[in-house]
Amino acid sequence: MLDKFFSLFSHDIGIDLGTANTLVWVKGKGIVIREPSVLAMHKKTKKIIAIGSEAKKMVGKTPSSIITVSPLRGGVIADFDATSAMISHYIQEVHEVGNILPAAWSHPKVAIGIPSSVTEVERRAVWEAALNAGAREAFLIEEPMAAAIGENVSVFQPTGIMIVDIGGGTTEIAVLSLGGIVVSKSLRLAGLDMDKAIIHYVRLKHGLIMGEATAEDVKIKIGSAYQRNAKVKSQKSKEEEKENLREKMEIVRGRDIETGLPKSLRLTEVEVREALAPVLGEIIEEIAGVLREAPPELTNDILTHGILLTGGGSMLRGLDQLIIERAHIPVVLSEDPLTSVVRGIGKVLEDDKLLERVKVVGGLK
Ligand code: ADP
Ligand code: MG
C-alpha cells in the first residue's frame, strides 16, 4: 500500500555505472543524464567539488589539494564512498529536475547495472549505497544481461548469445542462454588501454609525452583497427571512395621527452593502428577464449548469429572486421553502443516480471 503511495511521487531510476560514463534512465522519460564517471574532491576532507563533466575537465589539471577519482576503475568499485556519493547525487538530481518531492521522501525504485566481475561484497555495497541514497528498493542487474536486453535480443530462448561490451576500463565478454549467464569474463582491458597504448607508442617512436585526454581524442578521430579496403561496397562516386580510402592524420601536442619543451607532431592513422594492434589482439584472444569455454551447442548458435558488439570501444573503426578476420566469427555492431546497458535497464524497470527474472540482488529495504 505504502509502496504504491510513494511511487506516485517518485521516479523509478535506472543507472548504468560505467567505468567511463554514467547514464541515468527515468521511467517514462528515457535517458536523462549522461556524464563521465568522474568525481573531484578535496584530498584531505574528501569533500566533493564536482561530479561528471565538470570533474572530468579537471583531470590532470588539479592543484595538489584536489584529486579526481573514477570510482569504478577497472570495473570494480575502487572507491566506495565516491561511488555512493555519485549514486546519491544522481538520484537527487533526477528528483530536483522532476520538480517533485526530494528523493529522501519519495523513495524511488532504483536499478543499477554492474559488471559481472563485481564481487558479492561489492554488490552488497552498491546495493546499500543506493538504499542509503534514498532508494525504496534497489536492484542490481548484470551488465551483459542488460546490454543484451537493450539490444532487443530475446535472452530467455534456449539459444546461445555472445555479447562483448568494450567500455572504458573493462571489456565484458559473456555467453547468455535461457535468461542466464553461462560463461563470462570481465577483462581489464578496454578503451583506456587503447589510449595508453597510443601514449606508449608515441613516446617510444617520437619521444613525445602526451596526456590521456589527447590520446583518447586521437583514437576517436583517426583510430582504426583494420585497414580500409576498397571491397566495401558503396554507392558513392569514385572521388568519395578515394577520399574514404585515404588514411587520415592528426597533429598532436605534447612534451618532448628530452628537452621537456612543448612539441607537436603529425601522427598518421597507420601509426595509430600499429599502436592499437597489441591491445586489440589481446581482446580478440580473450573473446576466442570465452567462446572455447562455452558448451558446443551454444558455440554453434553464436557462429550462426554472430557476436553482438557494444560499448564505446566498439566504435573503433574496423574493429568488427578485425574480429571477423582473426576469430572467424560474424559480428553484429550495436547502433547505439554507449546506451545499450542503460536502455536494457530501462526496459527492465518498465516490466516487473522481467525485473524479477534478471535481477541479481534486490528487494525491499
Ligand atoms: P563504460 O561502460 O566503461 O563507462 P563506455 O561504453 O561509455 O564505457 O565507453 C567508453 C569508452 O569508449 C572510452 O574509452 C572512449 O574513449 C571510447 N570511445 C568513445 N567513442 C569512441 C570512438 N568513436 N572510437 C573508439 N573509442 C571510442
Ligand atoms: Mg558500460
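Is Glu269 buried or exposed, and what is its relative accessible area? Glu269 is buried, at a relative accessible area of 0%. The model is predicted.

**The β5-β4-β6 sheet**

- An open sheet is built from 3 strands in the order β5-β4-β6, with antiparallel pairing.
- At its edges lie β5 (48–51) and β6 (66–69), each of which pairs on one side only.
- From one strand to the next, the twist averages 20°.
- The antiparallel pairing of β4 (residues 39–42) with β5 runs over 3 bridges.
- Within this part of the sheet, Met41 stands opposite Ile48, a residue of β5.

- Lys57 and Glu54 are joined through their side chains by a salt bridge, with an N to O distance of 3.1 Å.
- Both residues belong to helix α2 (residues 53–58), where they sit 3 residues apart, about one turn of the helix.
- Lys57 has a relative accessibility of 57% and counts as exposed, because that value is over 50%.
- Glu54 has a relative accessible area of 44% and is therefore partly exposed, as this lies between the 20% and 50% limits.

**The Glu269–Arg317 salt bridge**

- Glu269 and Arg317 form a salt bridge in which the closest N and O atoms are 2.8 Å apart.
- This pair links distant parts of the chain, its residues being 48 apart: Glu269 is in helix α10 (residues 269–293), and Arg317 is in the loop between β15 (307–310) and α12 (319–327).
- The burial of the two partners can be set side by side: Glu269 is buried at 0%, whereas Arg317 is partly exposed at 28%.

**Arg136, Glu137 and a salt-bridge network**

- Salt bridges with shared partners connect Asp12, Lys27, Arg136 and Glu137 in one network.
- Within it, Arg136 and Glu137 form a salt bridge, and their closest N and O atoms are 3.4 Å apart.
- Glu137 has a relative accessible area of 13%, so it is buried by the under 20% criterion.
- Arg136 is also buried, because its relative accessible area of 10% is under 20%.

**General point**

- Side chains of opposite charge can pair when their charged atoms come close.

Key: Residues numbered from 1 in each chain as written. Chains lettered and ligands numbered in written order. Predicted model: local features only at pLDDT ≥ 70, side-chain atom pairs only at ≥ 80, totals over all residues. Heavy atoms only, no water. Pairing = 2+ DSSP bridges. Helix = DSSP H or I, 4+ residues; strand = E, 2+ residues; numbered from the N terminus. Axes fitted to C-alpha atoms, helices over the stretch in contact; angles between N-to-C directions. Salt bridge = Lys/Arg side-chain N within 4 Å of Asp/Glu carboxyl O. Buried < 20%, exposed > 50% of the residue type's maximum accessible area, 1.4 Å probe, protein only.
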